[in-house]
Amino acid sequence: MEIKEENKLPNSGVPECAGCHKVIRERYLLKALDQFWHEDCLRCTCCDCRLGEVGSTLFTKANLILCKRDYLRLFGTTGLCSACNKTIPAFEMVMRARGNVYHLECFACHQCNHRFCVGDRFYLHDNKILCEYDYQEKMVFANMSCDNIAQMKRQATKIGLVRSVESCTEPVCGEAK
């Protein structure tokens with residue numbers, strides 16, 4: 001009984017939970033927004049997750065206490081994926097290359113659709129992501145003239161590798177011919 005009376009005193013030294021307004025007797029407590037909380041009482045207003053378990057940050061806006069995911073979902077800005085031009089939710093993980101932003105599943109080689117892992121080398125050419133092999137192949141053909149490509153096709157046709165020879169009508173490397 002004495003303890004309860006002492007706990008009700010404002011300067012008793014025993015912290016009171018800002019959520020349930022009960023004395024915190026547990027070994028661990030949380031301090032957020034200049035107040036003390038039971039670990040179970042500091043929760044996201046939207047998804048009800050325990051904020052002490054999902055990280056060391058919380059967000060407040062419009063009298064709401066929010067986890068990062070819900071804060072970004074409600075108040076964050078979205079963008080467009082540079083590959084598919086679809087909306088990227090603000091809470092979603094993304095890949096970035098220069099000024100471009102991509103869904104994780106869209107961050108793949110434009111030619112062969114190879115998905116990249118951490119540490120893989122990629123190239124950004126004409127705002128398109130390429131794997132190392134496709135980039136090098138593109139550079140080899142970009143440095144060849146239409147005459148060289150046509151000659152290679154004729155040789156391939158002679159040995160039966162290509163069924164038809166297509167004419168080269170596009171300028172190489174943007175040079176007008």
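How exposed is Asp40, in terms of relative accessibility? Asp40 has 41% relative accessibility and counts as partly exposed. This is a predicted model. The chain has 177 residues, and buried residues make up 21% of them. Its salt bridges number six.

**Overall fold**

- Four helices and 10 strands make up the secondary structure elements of the chain.
- Read from the N terminus, the order is α-β-β-β-β-α-β-β-β-β-β-β-α-α.
- Among contacts with a separation of 6 or more, 14% join residues 24 or more positions apart.

**Salt-bridge network**

- A network of salt bridges links Asp40, Arg43, Asp48, Arg50 and Glu53.
- Side chains of opposite charge can pair when their charged atoms come close.
- Asp40 pairs with Arg43, and their closest N and O atoms are 2.6 Å apart.
- Arg43 has 26% relative accessibility, so Arg43 counts as partly exposed.
- Arg50 and Glu53 form a salt bridge through their side chains, with an N to O distance of 3.3 Å.
- Arg50 is partly exposed because its relative accessible area is 26%.
- Glu53 is exposed because its relative accessible area, 58%, is over the 50% cut-off.

- Asp70 and Arg73 meet in a salt bridge, at 3.0 Å from N to O.
- Both residues sit in helix H2, which covers residues 68-75. They are three residues apart, about one turn of the helix.
- Asp70 has a relative accessible area of 5%, which is under 20%, so Asp70 is buried.
- Arg73, in contrast, is partly exposed at 44% relative accessibility.

**Met93, a loop residue**

- Met93 belongs to the loop between strand E6 (87-88) and strand E7 (94-97).
- Its relative accessible area is 61%, so Met93 is exposed.
- Leu104 lies 11 residues from Met93 along the chain. The C-alpha atoms of Met93 and Leu104 are separated by 6.9 Å.

**Asn100, a strand residue**

- Asn100 is part of strand E8, which covers residues 100-103.
- Asn100 counts as buried because its relative accessibility is 12%.
- Beyond its neighbours within four places in sequence, Asn100 is in contact with Ser82, Met95, Leu124 and Asn127.

**The second largest pocket**

- The second largest pocket holds about 190 Å³ of space.
- Its lining includes Ser82 and Asn127, and Asn100 is in contact with both of these residues.
- Other lining residues include Tyr102, Cys106, Cys109, His110 and Asn113. Asp126 and Lys128 are also among the lining residues.
- By class, six lining residues are nonpolar, four are polar and two are charged.

Note on methods: Residues are numbered from 1 along each chain as its sequence is written. This is a predicted model: local features need pLDDT of at least 70, side-chain atom pairs count only at pLDDT 80 or more; totals for chains, interfaces and linings use all residues. Side-chain values use heavy atoms; hydrogens and water are left out. A salt bridge is a side-chain nitrogen of Lys or Arg within 4 Å of a carboxyl oxygen of Asp or Glu. Buried means under 20% relative accessible area, exposed over 50%, partly exposed in between (1.4 Å probe, protein chains only). Helices (H or I, at least four residues) and strands (E, at least two) are DSSP runs, numbered from the N terminus. Contact means heavy atoms within 4.5 Å. On a 1 Å grid over the protein atoms alone, a cavity is a set of points where a 1.4 Å probe fits but cannot get out, and a pocket is an open set with protein on both sides within 12 Å along at least five of seven lines; lining residues have an atom within 4 Å of a point. Grid points are joined across faces, edges and corners, and a volume is the space filled by probe spheres set on the points. Ala, Val, Leu, Ile, Met, Phe, Trp, Tyr, Cys and Pro count as nonpolar, Asp, Glu, Lys and Arg as charged, and the others, Gly among them, as polar.
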